Amino acid sequence: MGEEITLNITRYNPDKDGKYTTQRYSIPYKNDWSILDALNYVKAELDGSLTYRWSCRMAVCGSCGMMVNGTPRLTCSTYLNEFYPKEITIEPLANFPVIRDLVVDINDFMAKLKSAKPWIIRKNKRDEDDTSKEYLQTTGQMDKYYQQTLCINCTLCYAACPVYGLHPDFLGPAVIALGHRYNKDSRDEGKADRREVLASEHGVWKCTVVGDCTEVCPKHVDPSAAIQRTKVDSAINWFFSFLTGRK
Amino acid sequence: MDVINHDILIVGGGGAGLRAAIEISKSNPSLKTAVVSKVYPMRSHTVAAEGGSAAVLKEDDNHDLHAYDTVKGSDFLADQDAVEVFVRDATREVVQIERWGCPWNREEDGRIATRWFGGMSRKRTLHAADKTGFHLLHALFQTSLKYDTLMRYDEWFVAALLVDEGKLGGVLALDTRRGVFSILAAKAVILCTGGVGRMYAFTSNAGIKTGDGAALAYRAGAPIKDMEFIQFHPSGLLRTGILITEASRGEGGYLYNKDGKRFMENYAPSKMELAPRDIVSRSIIEEVLAGRGFEGPYGSYVQLDLRHLGEAKIMEKLPMVRELCLDFAGMDPVYEPIPIRPTMHYTMGGVHTDKDGKTPIAGLYAAGEGGCVSIHGANRLGSNSLTELLVFGARAGRSAAEYVPISKPCSSERLQSLAKREMDIIQKRYMQPGNGKEKAGAILADLRKTMDEKVGIYRTDDGLKDAVQIIQRLKERFTGIRITQQSKVFNTELTGAMELDNMLEIAHVIAMNARIRKESRGGHARKDFPKRDDEQFLHHSLVFKTPEGPKRETFPVTITKWKPEERKY
């Protein structure tokens with residue numbers, strides 16, 4: 001018998017007893033295994049009922065986020081060797097309702113995503129589907145929004161956000177960052193259409209600048225900075241509307 | 001059983017599915033359209049495509065050149081009329097996705113930039129760094145959100161197509177969250193379910209790539225085409241098989257054997273590292289077989305060296321390659337060569353369709369990797385597949401939207417009886433926990449080992465004969481599968497069993513076809529028949545499911561401008 005490592009995994013099945021329990025699994029320790037490899041081992045060899053999401057196993061599909069020793073992480077790119085020989089606690093992402101075991105309900109996130117209108121809006125609607133030629137955009141113009149295009153919707157930032165934990169109405173980091181991404185895109189003319197949502201009482205002003213979202217983001221989207229910039233933009237807009245009397 | 005009525009269902013929410021959905025929503029918002037996907041659409045495997053999307057955009061290029069490159073890349077098995085349609089539509093589609101927000105890399109003057117790719121005679125691959133699939137998928141998904149009429153069934157698993165006398169009536173689908181099966185009625189269904197990669201152990205493909213669409217269509221009576229053609233991508237990251245993009249070589253990376261030699265000069269002196277994927281992958285295997293590979297704890301490999309590109313260029317053009325190497329191989333390509341070997345990457349075959357995504361079943365369409373038009377023939381050129389999703393997703397969407405108003409729905413009673421028959425099969429086959437002894441994981445592991453070893457880059461009659469027998473045994477073992485739980489909510493043991501069943505069904509066809517095709521063409525390389533044989537095999541294979549087993553027919557290849565010639569680079 002080689003070395004072993006212990007995983008403490010949250011179990012929850014509304015079909016069974018609907019109680020949250022923690023199950024301990026001892027598995028072989030492999031230096032090059034990710035947490036996801038370990039979960040796949042448990043499911044294939046020890047317990048077929050263990051339930052979690054995963055797909056690409058290369059940190060781009062955003063499916064496999066979980067709390068690993070209390071921190072939101074992508075389990076496909078978090079390795080056992082970071083913790084060994086200590087035990088590892090694996091829980092569903094915080095701040096979301098749990099569907100089963102490590103699977104959480106992200107429908108709230110999906111609805112908010114749509115509310116921020118994350119698509120190119122043009123004053124002349126015909127521009128949107130015009131395929132005769134591309135919009136011109138310089139690399140400099142692209143730099144203004146590119147960082148926020150990198151969001152994989154893994155929702156780790158929601159699990160880390162204390163404001164979202166307390167106020168589920170808060171739009172939250174990734175959605176505001178995406179709204180900001182389109183606002184800053186030189187091809188877009190929809191800033192005014194997004195203002196209502198982004199600057200609403202559930203929008204940027206709820207954020208208390210804890211910055212945990214930026215800490216946990218696996219793609220360095222820096223939602224915190226995007227939120228602060230959107231605050232500045234909407235303050236300026238408010239100031240000008242005050243001066244000019246327009247809404 | 002509940003029946004929910006629709007006009008069009010799109011099964012699968014990756015690039016092809018979302019492009020089809022947008023096309024329908026845009027052109028005819030009165031149609032009741034829904035995307036049914038076993039994952040949230042932005043989790044689809046399109047997200048993992050890296051290098052780019054090919055289209056004629058520049059002054060030094062033209063559609064005939066793109067078509068010829070594609071046909072030659074296909075080893076002359078592509079249908080040339082389809083390829084001509086593809087390259088023409090491609091130009092429009094890549095501009096359309098730009099208008100929908102895709103952050104294509106740009107030239108100094110703000111126009112879309114292009115890069116070199118394997119087998120392409122011009123610099124025609126558009127790219128968004130090396131995260132092209134990711135950006136393309138998210139641009140499509142986010143754009144799809146603006147259509148309020150477009151519905152989604154996220155995390156619903158389609159278990160069967162409901163076909164009434166050769167005409168599509170809907171699907172039987174499992175809402176995985178509730179664990180409840182419903183009938184989703186529709187006049188048209190577009191299968192956009194991707195390839196079969198997960199039946200191989202060393203693959204770049206995601207866990208969800210289980211050939212569901214091919215299996216659904218095949219069981220419903222539609223033929224599947226050219227399944228023997230599997231693409232192995234030259235640069236799979238050692239240990240995991242994760243994709244290191246061909247753009248690494250497009251941007252100037254070299255391949256080295258252990259003697260420090262750029263070995264591609266022995267195999268494709270004019271194209272070197274930018275020969276098509278089938279050729280580069282075989283060259284790597286030849287080097288390893290000749291003892292010129294490196295050896296390590298994860299097996300034999302060669303090196304992909306990017307160091308001479310420098311950190312600035314790697315960070316600008318290949319940031320994901322660097323991330324992947326750091327996260328999944330613990331090395332930095334700025335300072336060290338990347339250890340790689342060929343990884344199963346793409347399924348050239350799929351559900352047989354015409355240029356508009358139509359299958360022989362009225363109302364059933366397919367597009368993307370899960371369909372087979374065929375524009376890739378025996379070997380797909382890198383960066384033609386993202387474009388394919390856009391072109392044929394849109395075409396299938398348009399064609400389904402035209403079909404629906406002139407077709408009649410299947411009656412509710414008839415759907416109920418079709419669904420009941422399918423439910424009986426599901427109950428018996430997958431949902432009798434405790435009765436069986438076979439672990440799904442063990443069957444899958446055996447399948448993957450068999451496909452890697454016997455239906456891989458090089459194939460022989462002996463190996464393929466073994467493979468067919470082993471797969472038949474695995475299918476028998478499957479009938480004794482053990483499901484340990486009856487929970488309804490999010491039962492991934494149940495969906496996993498259905499996926500495994502799909503893979504076994506299609507793996508059988510792949511191995512059988514590969515054995516019958518006694519020639520070497522594109523991605524199908526037979527050690528015992530090393531030459532292409534146009535006399536006997538310049539045809540597509542179509543396989544139908546019959547009670548006696550898979551039945552193979554042939555289907556002619558359409559040749560318009562380019563007569564088959566020797567394929568040299």
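Is B:N205 buried or exposed? B:N205 counts as buried because its relative accessibility is 1%, where buried means under 20% relative accessible area, exposed over 50% and partly exposed in between, with a 1.4 Å probe and protein chains only. This is a predicted model, in which local features need pLDDT of at least 70 and side-chain atom pairs count only at pLDDT 80 or more, while totals for chains, interfaces and linings use all residues. Residues are numbered from 1 along each chain as its sequence is written, chains are lettered from A and ligands numbered from 1 in the order in which they are written, and side-chain values use heavy atoms, with hydrogens and water left out.

B:N205 sits in the loop between β11 (188-191) and α5 (212-219) of chain B; helices (H or I, at least four residues) and strands (E, at least two) are DSSP runs numbered from the N terminus. Leaving aside neighbours within four places in sequence, B:N205 is in contact (heavy atoms within 4.5 Å) with A:R57, B:H45, B:G197, B:R198, B:M344 and B:H345. A polar atom of the B:N205 side chain lies 3.3 Å from the backbone nitrogen of B:G197.

The contact between the chains takes 67 residues from chain B and 64 residues from chain A. The size of an interface is often given as the accessible area lost when the parts come together. Here the buried area, summed over both parts and taken with a 1.4 Å probe, is about 5,400 Å², and carbon and sulfur atoms give 51% of that. On the chain B side, B:R43, B:R99 and B:Q142 lose the most area to chain A, together 15% of what that side buries.

Seven salt bridges are counted between chain B and chain A, each a side-chain nitrogen of Lys or Arg within 4 Å of a carboxyl oxygen of Asp or Glu. B:E155 forms a salt bridge with A:R53, where the closest N and O atoms are 2.7 Å apart. Among the elements that give two or more residues to the chain B side are α3 (80-99), α4 (132-144) and α14 (492-516). With six residues, α4(B) gives the most to that side.

In helix α7 (residues 173-183) of chain A, 11 of the 11 residues are buried, so the helix is largely enclosed by the rest of the structure. Among these buried residues are A:H180, A:R181 and A:N183. A:I236, in helix α10 (residues 223-244) of chain A, is partly exposed, with a relative accessible area of 42%.

How values were computed
Buried area = accessible area lost by both parts, 1.4 Å probe. Polar contact = N/O pair within 3.5 Å; in protein donor to acceptor, adjacent residues only side chain to side chain.
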